[in-house]
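Here are some notes to read beside the model. Please keep the sequence and the structure open while you go through the points.

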Amino acid sequence: MDETVDLPYPQYRCATCGRELPLTEARLTVTCGDHRPAREDADVSVRPATPADRHDIEDICDQALGETEVDVFGRTFDVLAAENLVAVAEERFAGLISLAGDGGDLGIVLLSVYPGFQGKGVGSALVEAAVSRAAGRGLPAVKVAVSNDDVPSFSFYQRHGFVIDSVARGVLADRYGSAEPGFSGIPVRDEIRLRRPVAPR
Ligand SMILES: CC(C)(COP(=O)(O)OP(=O)(O)OC[C@H]1O[C@@H](n2cnc3c(N)ncnc32)[C@H](O)[C@@H]1OP(=O)(O)O)[C@@H](O)C(=O)NCCC(=O)NCCS
């Protein structure tokens with residue numbers, strides 16, 4: 001397996017030393033609740049993006065994906081044309097959730113939290129804001145897709161009530177022409193699609 005590929009961009013940080021990591025360098029550890037790295041939730045606010053956020057949105061897309069277009073659910077979405085919610089913590093742009101309707105559900109096109117703000121409740125605040133929007137609009141569910149290697153995101157969404165809906169096997173390997181190493185060096189092959197039913201309000 002080639003672990004020297006210069007992609008993707010740093011998306012995770014070491015919970016012990018804080019260093020931002022390329023995906024392939026990340027490794028999992030399992031801890032008990034008492035010994036997991038200290039975690040302090042940030043004071044997070046979530047608001048709709050404004051035109052003034054464009055540069056920050058392009059920047060976080062660049063770090064997460066290298067572009068603002070996202071291929072997911074069998075379609076291509078442009079984050080800049082989607083409904084974007086911004087998380088602000090410590091008076092800084094900490095994360096983004098990008099939403100678009102898909103098949104009657106509210107789809108999460110992109111969720112990304114800057115490594116320095118991960119593990120502080122920012123991603124949770126963004127997901128709950130999306131669920132609240134879906135409920136307010138009477139939509140039946142929020143859906144999302146993770147790549148098979150992205151174990152932290154897969155864990156994160158299941159802990160937030162998402163369940164596997166389908167697996168698009170091989171779609172990512174086909175798109176990139178081969179199964180490139182992703183999180184922890186796991187070959188990136190499949191798109192795992194998850195859904196969280198939303199109680200109407
Ligand atoms: C997955 C992600 C959205 C979670 O956001 P977050 O702000 O770190 O999540 P929160 O702090 O609200 O929740 C942390 C929980 O999620 C899990 N988690 C997932 N990723 C984590 C991370 N990088 N650091 C700490 N916890 C993480 C933890 O297990 C934790 O669960 P716990 O409360 O049971 O301990 C975020 O880590 C992220 O953006 N990762 C990069 C994803 C990415 O860019 N992918 C490519 C483009 S789609």
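## Notes on the predicted model

1. The largest share of the shell around the ligand, five residues, comes from helix H3. This is a predicted model, in which local features need pLDDT of at least 70 and side-chain atom pairs count only at pLDDT 80 or more, while totals for chains, interfaces and linings use all residues. Residues are numbered from 1 along each chain as its sequence is written. Helices (H or I, at least four residues) and strands (E, at least two) are DSSP runs, numbered from the N terminus.

2. Which residues come nearest to the ligand? Gln118, Gly119, Gly123, Ser124 and Pro152 do, out of the 21 residues around the ligand. Two or more residues of the shell are given by each of strand E8 (105-113), H2 and helix H3 (151-159). A residue is near a molecule if its C-beta atom, placed from the backbone, lies within 6 Å of it. By type, the shell holds nine nonpolar, nine polar and three charged residues. Here Ala, Val, Leu, Ile, Met, Phe, Trp, Tyr, Cys and Pro count as nonpolar, Asp, Glu, Lys and Arg as charged, and the others, Gly among them, as polar.

3. Helix H2 covers residues 122-136, 15 residues in total. From first C-alpha to last, H2 reaches 21 Å, close to the 21 Å expected at 1.5 Å a residue; the expected span is 1.5 Å times one less than the number of residues. Its buried residues include Val122, Leu126, Ala130 and Ala134. Buried means that 20 or more other C-beta atoms lie within 10 Å of the residue's own; exposed means 12 or fewer, and partly exposed is in between, with C-beta atoms placed from the backbone. Just after H2, glycine 138 takes a positive phi of about 70 degrees.

4. The largest nonpolar core has 47 residues, and Ala87, Ile97, Val109, Val122, Leu126 and Ala130 touch the most other members. H2 gives the most to this core, with eight residues. Such a core is a set of buried Ala, Val, Leu, Ile, Met, Phe, Trp, Tyr and Cys residues joined through C-beta atoms within 7 Å. In soluble globular proteins, nonpolar side chains tend to be buried together. Beyond its neighbours within four places in sequence, leucine 126 is in contact (C-beta atoms, placed from the backbone, within 7 Å) with Val46, Leu85, Ala87, Gly95, Ile97 and Leu111.

5. Strands E6 (residues 83-89) and E7 (residues 92-102) run antiparallel and are joined by seven bridges. Two strands pair if DSSP finds at least two bridges between them. Alanine 89 has arginine 92 in E7 as its bridge partner. E7 is also joined to E8, again antiparallel, by eight bridges. The hairpin of E7 and E8 has two residues between the strands, and glycine 103 in the turn has a positive phi of about 60 degrees.

6. Asparagine 84 and isoleucine 57 are 27 residues apart in sequence, with their C-alpha atoms 8.7 Å apart in space.

7. Most residues other than glycine have a negative phi. Glutamate 90 has a positive phi of about 50 degrees although it is not a glycine. Glutamate 90 is found in the loop between E6 and E7, and it is exposed because 11 other C-beta atoms lie within 10 Å. Serine 184 is likewise not a glycine and has a positive phi of about 60 degrees. Serine 184 sits in the loop between helix H4 (171-176) and strand E11 (191-197). With 18 other C-beta atoms within 10 Å, serine 184 is partly exposed.

8. Strand E4 (residues 69-72) has a covered face, Val70 and Val72, and an uncovered one, Glu69 and Asp71. E4 pairs with strand E5 (residues 75-78) in the antiparallel sense over four bridges. Aspartate 71 stands opposite threonine 76 in E5. In the hairpin of E4 and E5, which has two residues between the strands, phenylalanine 73 takes a positive phi near 55 degrees.

How values were computed. Two residues are in contact if their C-beta atoms, placed from the backbone, lie within 7 Å.
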